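Have the viewer open while you read.

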Amino acid sequence: MSPVAVVVVTWNSAPVLPGFLASLADGMAGLDWRLAVADNDSADDTVDVLRTLAPDATVVQTGRNAGYAAGINAALAAAGAWEGGHGAVLICNPDIRMRQGCAKRLVDRLDGEVGIAVPLLYEEGHDTPHFSLRRESSVSRALGEAVIGNRRAGRFPALSELVTDPAAYRRPTRADWATGALMAVSADCLTACGPWDESFFLYSEETEFCLRARDLGHATQLEPTAEAVHLGGDSQVSPRLWRLLTLNRVRLYGRRHGALATACFRAAVFLREASRAALGREASRAAAAALLRPGALRATPGP
């Protein structure tokens, strides 16, 4: 079996890297693997940490804050992903802590139908898994989330992107897409899909990739026996990043639907953010204001 390429993108990641690197021995147990890291012009000592603690890793410095998708592509190229010199690819954030045997369980789940396998993700200090599975965006789902909230609406597939049924996280469950903090991608899926879409600086790049993979016959599936802790989690998103997340979500919808449907979706997303802004949520205030700006969706917004 060809080695698994472990692909990581870093940007000022020195505080979390030692823990990530220390977790690899247990997380990658049972697999032959190679680490490839793309550093997006970190201003701290991220690269020095890598060279000290992971001297065998392939490190490519992009020379700029190129964004997450561009970093993934740079690391994939450094790992020889486009030259057929790898098996599966494990794409992970540096703030992930894989539990024993996590990666092998993900890789073993990949087959002719499953092109992307994702684990149960836990936020630090929580005993129940994070709701990491998602349905594709739709106007009805955006409205459902605006009116009753995504967690309550998540019980009804037509009313929310978020999959909240606890049973879905106890069995192998297919989803339209999943949180991209950690995912295994088969070589066949990667070859079929090609590079990640670099027009998304941050957020929605994993959504776009999973939907593209699904369209090409490669499903995204949860492997519930694989577990990892995500130190970041959704609760730490700043107003600036929430604005970016919201705009990219609407931008991606617009690429896959017509102008009228996109206008309706944008209005539904605005309703959600405006209602939460009225309750004092600063991040939603920033997102709602951005959605009202002419031309906001034509740009490629960075943080």
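Predicted model: local features only at pLDDT ≥ 70, side-chain atom pairs only at ≥ 80, totals over all residues.

Residues are numbered from 1 along each chain as its sequence is written, and side-chain values use heavy atoms, with hydrogens and water left out.

Helices here are DSSP runs (H or I, at least four residues), numbered from the N terminus. Axes are lines fitted to C-alpha atoms over the stretch in contact, and angles run from 0 to 180 degrees between N-to-C directions.

| Pair | Angle | Axis distance |
|---|---|---|
| Helix 1 (residues 17–27) and helix 2 (residues 46–53) | about 30° | 10 Å |
| Helix 9 (residues 239–256) and helix 11 (residues 282–292) | about 45° | 8 Å |

So helix 1 is roughly parallel to helix 2 (angles under 35 degrees count as roughly parallel, over 145 as roughly antiparallel, 65 to 115 as roughly perpendicular and the rest as oblique). Helix 1 goes past helix 2 in a right-handed crossing (the near helix is turned clockwise from the far one by less than a right angle). On the helix 1 side, L17, P18 and L21 touch T46, V49, L50 and L53 of helix 2 (contact means heavy atoms within 4.5 Å). Sorted by class, that contact has six nonpolar, one polar and no charged residues.

Now the other pair. Its angle makes helix 9 oblique to helix 11, and their crossing is right-handed. From helix 9, P239, W242, R243, T246, L247 and V250 meet a set in helix 11 that includes E282, A283 and L291. The class count for helix 9 with helix 11 is nine nonpolar, two polar and two charged residues.

How values were computed: Helix = DSSP H or I, 4+ residues; strand = E, 2+ residues; numbered from the N terminus. Nonpolar A, V, L, I, M, F, W, Y, C, P; charged D, E, K, R; others polar.
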